[in-house]
Amino acid sequence: MTQHTVEKTSVTLLGLGAMGAALGRAWLAAGHPLTVWNRTPARAAVLGAEGAGVADSAVEAVAANTLIVACLLDDASVEEALAGTDLAGKDLVNLTTSTPAQARARAEWARERGARYLDGGIMAVPQMIGVPEAGGYAFYSGSPELFEQHRETLGVPAGTAYVGKDAGFAALYDVALLSAMYGMFAGAAHAFALIRKEDIDPTSLAPRLADWLVAMAPAVHLTADQLRSGDYTQGVTSNLAMQVAGTPTFLSTAEQQGVSTELLRPYFELMHRRLAEGSGEEDLTGVIDLLVH
């Protein structure tokens, strides 16, 4: 009986920090031939001992394969690493954290050098890479042809979510989600600060706080529907006027507990501004319009 094996796509990986090394190990474990380069050779040597080919330079690494993945410190590091390389006919996937504007400029930079370009934003920590059940994934945007050709390979370290031809969209989705995360952390910090001086075990608040945040999370769907329709009174249960009326209680409680109001006050001020515009029957969605210049 003749056995047929599927040849795995060869990958060049530039950058072997914590995330880069995790990506490399996932591709090696899945049987993908891997060539690596890192500014600090010792890190490349570690992956070399695990089966990767080690390039002496970025030029050599780029020449080795068609699919080039960069996971470096920042956008300037990408430009520096790829200076002098021949990108003609290459598929460049940039998993380096960047802004949407940087991603769009890098896409044009790659196009001018004859390469297809895909930008990525990884929604995972290194420990989640190569562990499908961990739920990590990466946003991708840019060349749809590149994404479709390499979808399976890119999906080895983590799940994939293609969000459009605009190369800046992956970074935008990435920062949007992380911005919401920091807002949640800010709210949780204020909640724990309120009980900090009381005889309340923070571990007794934590599960209730977590359940409450989970219960509130679906509200983003109503917000999205209101933004799409332009009707901010759609589906309102507690209107802006009612919520603004309650803000003094939150501020007074914080002051009585000896807690700074600096995390709450900016948002409350936006709520008051929106109400002053005569939008009392709306949801909180109108605050978004105040944030957009």
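Colleague: What conventions apply to the numbering and the atoms?

Modeller: Residues are numbered from 1 along each chain as its sequence is written, and side-chain values use heavy atoms, with hydrogens and water left out. Because the model is predicted, local features need pLDDT of at least 70 and side-chain atom pairs count only at pLDDT 80 or more, while totals for chains, interfaces and linings use all residues.

Colleague: How many residues has H1, and what span is expected at 1.5 Å a residue?

Modeller: Helices (H or I, at least four residues) and strands (E, at least two) are DSSP runs, numbered from the N terminus. The expected span of a helix is 1.5 Å times one less than its number of residues. H1 has 12 residues, and its first and last C-alpha atoms lie 17 Å apart, close to the expected 16 Å. For helix H5 (residues 100–112), the 13 residues should span 18 Å, and the end C-alpha atoms are 19 Å apart, which agrees. After H1 comes Gly-31, with a positive phi near 90°; after H5 comes Gly-114, with a positive phi near 85°.

Colleague: Which residues of H1 are buried?

Modeller: Buried means under 20% relative accessible area, exposed over 50%, and partly exposed in between (1.4 Å probe, protein chains only). In H1, 9 of the 12 residues are buried, so the helix is mostly covered. They are Met-19, Gly-20, Ala-21, Ala-22, Leu-23, Gly-24, Ala-26, Trp-27 and Leu-28. These residues pack against E1, E2, H2, E4, E6 and H6, where contact means heavy atoms within 4.5 Å.

Colleague: What are the buried residues of H5, and what covers them?

Modeller: An α-helix has 3.6 residues a turn, so residues three or four places apart point the same way. In H5 the buried residues are Pro-100, Ala-103, Arg-106, Ala-107, Trp-109 and Ala-110. Their cover includes helix H4 (75–82), strand E5 (91–94), strand E6 (116–123) and helix H7 (169–195).

Colleague: Which residues touch the most other members in the largest nonpolar core?

Modeller: A nonpolar core is a set of buried Ala, Val, Leu, Ile, Met, Phe, Trp, Tyr and Cys residues joined through side-chain atoms within 4.5 Å. The largest has 30 residues, and Val-93 and Ile-129 touch the most other members. H1 gives the largest share of this core, 7 residues. Apart from it lies another core of 20 residues, including Leu-14, Trp-37, Val-62 and Ala-167.

Colleague: Is Asn-65 buried or exposed?

Modeller: Asn-65 counts as buried, at 11% relative accessibility. Asn-65 sits in the loop between helix H3 (58–64) and strand E4 (67–70). A polar contact is a pair of N or O atoms within 3.5 Å; within protein, one must be able to donate a hydrogen and the other to accept it, and residues adjacent in sequence count only if both atoms are side-chain atoms. The Asn-65 side chain makes such contacts with the side chains of Thr-12 (2.8 Å) and Thr-35 (3.4 Å).

Colleague: How many salt bridges does the structure hold?

Modeller: A salt bridge is a side-chain nitrogen of Lys or Arg within 4 Å of a carboxyl oxygen of Asp or Glu. The structure holds 12. One of them joins Arg-25 and Glu-50 (2.9 Å, N to O). Arg-25 lies in helix H1 and Glu-50 in the loop between H2 and strand E3 (53–54), 25 residues apart. Arg-25 is partly exposed at 36%, and Glu-50 is partly exposed at 40%. Glu-282 and Arg-274 also form a salt bridge, with closest N and O atoms 3.0 Å apart; both residues are buried.
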